[in-house]
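Here is a short report for a reader meeting this structure for the first time. Please keep the sequence and the 3D view open while reading.

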Amino acid sequence: MVAFDSALRDAFCASTGLALDRLAWQQAQLPVATGGLGLRSVVDLADAAYIGSRVMVLDRCRALWTPAAWEGSAATTDLGLALARCNGLLQQAGLQPCLGDQPERSLSQSAISRRLREVHVLAWKTAAGTDDICRLHACAADSADTVLNLVPLLDSWMDGGGQQTRGATGLLPALPDGSRPAGPSALALDVAIINALGASHWDDTLRGTHDAVTAYAQRKRDHLGTASSCQQAGILYLPLVWDIQGGSTAETRAFLHRLAGMAAAVEGVDLLVVKARLFDQLAVVLARGAGRALRRRRRAA
């Protein structure tokens, strides 16, 4: 397994022309969801895969041979040693060891891998500098891992990223069964795209993934009491905030999901197809935002 990991690193470096140091390769081995490249180490995954496979086949083994045993509590067995190694890694990272010695759902490969992923991310952050950690958080944002290319759909009923109020029925006049969609009588959307790695958002991004967009959305609500003023007028104020690295607020993702669902219902198209198309279009806007930011920097220089 060590040889395979080494061969994977050599193949990646040869194909990209990059000479990665230890820290850079550790980041590349992190899952895409946490800002890595998903080039997972088989050495790191081996214990989780072994324990998970034993859990999956235990009932079938007992059906074939009644005395088949689960040796998780025996420290000298392969299973016991694998559990001990995983719990040891969690403990060394300051996390709570939670892998019991009895077969249960928490011992599936995916569940154990999620816990060990925390260990690997913490180990990387311990060795990395604040600049690298900040970039990792930006890369771990939703859609940052997608090759994207929003806006025709949004642009058709929003004024180029400004604020505009629409009646809820203007978005979807009627559902397929003839009923009206539930919700406020009016909706004020305020679209913004920020650079999560920009000077004014750097500290927020350093704290965690999505912290920059979440903080900016709250700033928009608080500015001039916009959210409370809209509420008093019977209008739901909803800031839709993205960053050019691909991240967005939870409410933005929820809105897009609902928007895609409405479009799918009207067009009679599968929801996943509509969402894929919407996110492809969204990337164009994010790329344009990044381009405008670069042009502004060049002019300032």
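## A loop residue to start with

H210 counts as partly exposed, because its relative accessibility is 23%. The model shown here is predicted. H210 sits in the loop between α9 and α10. Its phi is positive, about 75°, although H210 is not a glycine. Most residues other than glycine have a negative phi.

L224 is another such case. It has a positive phi of about 55° and is not a glycine either. L224 lies in the loop between α10 and α11, the latter covering residues 226-232. L224 is exposed, because its relative accessible area of 72% is over 50%.

## T205 in helix α9

Which helix holds T205? T205 belongs to helix α9, residues 202-207. T205 counts as buried, because its relative accessibility of 3% is under 20%.

A polar atom of the T205 side chain lies 2.5 Å from the backbone oxygen of A196. Set aside the neighbours within four places in sequence. T205 is then in contact with C134, H137, A138, A196, L197 and A212.

Helix α3 runs over residues 42-64 and has 23 residues. From first C-alpha to last it reaches 30 Å. That is close to the 33 Å expected at 1.5 Å a residue. The helix also has a kink of about 45°, centred on V57.

S41 caps the N-terminal end of α3. One of its side-chain oxygens lies 3.3 Å from the backbone nitrogen of V43. Which residues of α3 are buried? They are D47, A48, I51, G52, R54 and L58. These buried residues pack against α4 (78-92) and α5.

## Two nonpolar cores

The largest nonpolar core has 15 residues. Those with the most contacts inside it are I51, L83, C86, L99, L107 and I112. Helices α3, α4 and α5 each supply at least two residues of this core. The largest share, 5 residues, comes from α4. In soluble globular proteins, nonpolar side chains tend to be buried together.

What does C86 touch, leaving aside its neighbours within four places in sequence? C86 is in contact with D47, I51, L99, I112 and L116. Of these, D47 and I51 are among the buried residues of α3.

## Salt bridges within helices

How many salt bridges are there? The count comes to 6. One of them joins the side chains of R115 and E118, at 3.1 Å from N to O. Both residues lie in helix α5, residues 109-127. They are 3 residues apart, about one turn of the helix. An α-helix has 3.6 residues a turn, so residues three or four places apart point the same way. E118 counts as partly exposed, at 34% relative accessibility.

R135 and D132 also meet through their side chains in a salt bridge, at 3.9 Å from N to O. This pair lies in helix α6, residues 130-139. Here too the spacing is 3 residues, about one turn. R135 is partly exposed, with a relative accessible area of 40%. D132 counts as partly exposed at 33%.

## A salt bridge between elements

The side chains of D190 and K220 meet in a salt bridge of 3.2 Å, N to O. D190 lies in strand β2 and K220 in helix α10 (residues 211-222), so the pair ties together parts that are 30 residues apart in sequence. Strand β2 itself covers residues 186-194.

Are the two partners buried or exposed? D190 is buried, because its relative accessible area of 7% is under 20%. K220 is buried as well, with a relative accessible area of 17%. The D190 side chain also makes a polar contact with the side chain of Y237, at 2.7 Å. D190 therefore has a side-chain polar contact with Y237 while buried at 7% relative accessible area.

How values were computed:
Residues numbered from 1 in each chain as written. Predicted model: local features only at pLDDT ≥ 70, side-chain atom pairs only at ≥ 80, totals over all residues. Heavy atoms only, no water. Helix = DSSP H or I, 4+ residues; strand = E, 2+ residues; numbered from the N terminus. Buried < 20%, exposed > 50% of the residue type's maximum accessible area, 1.4 Å probe, protein only. Polar contact = N/O pair within 3.5 Å; in protein donor to acceptor, adjacent residues only side chain to side chain. Salt bridge = Lys/Arg side-chain N within 4 Å of Asp/Glu carboxyl O. Expected span 1.5 Å × (residues − 1). Bend = angle between axes of the 7 residues up to and from the residue. Contact = heavy atoms within 4.5 Å. Core = buried A, V, L, I, M, F, W, Y, C linked by side-chain atoms within 4.5 Å.
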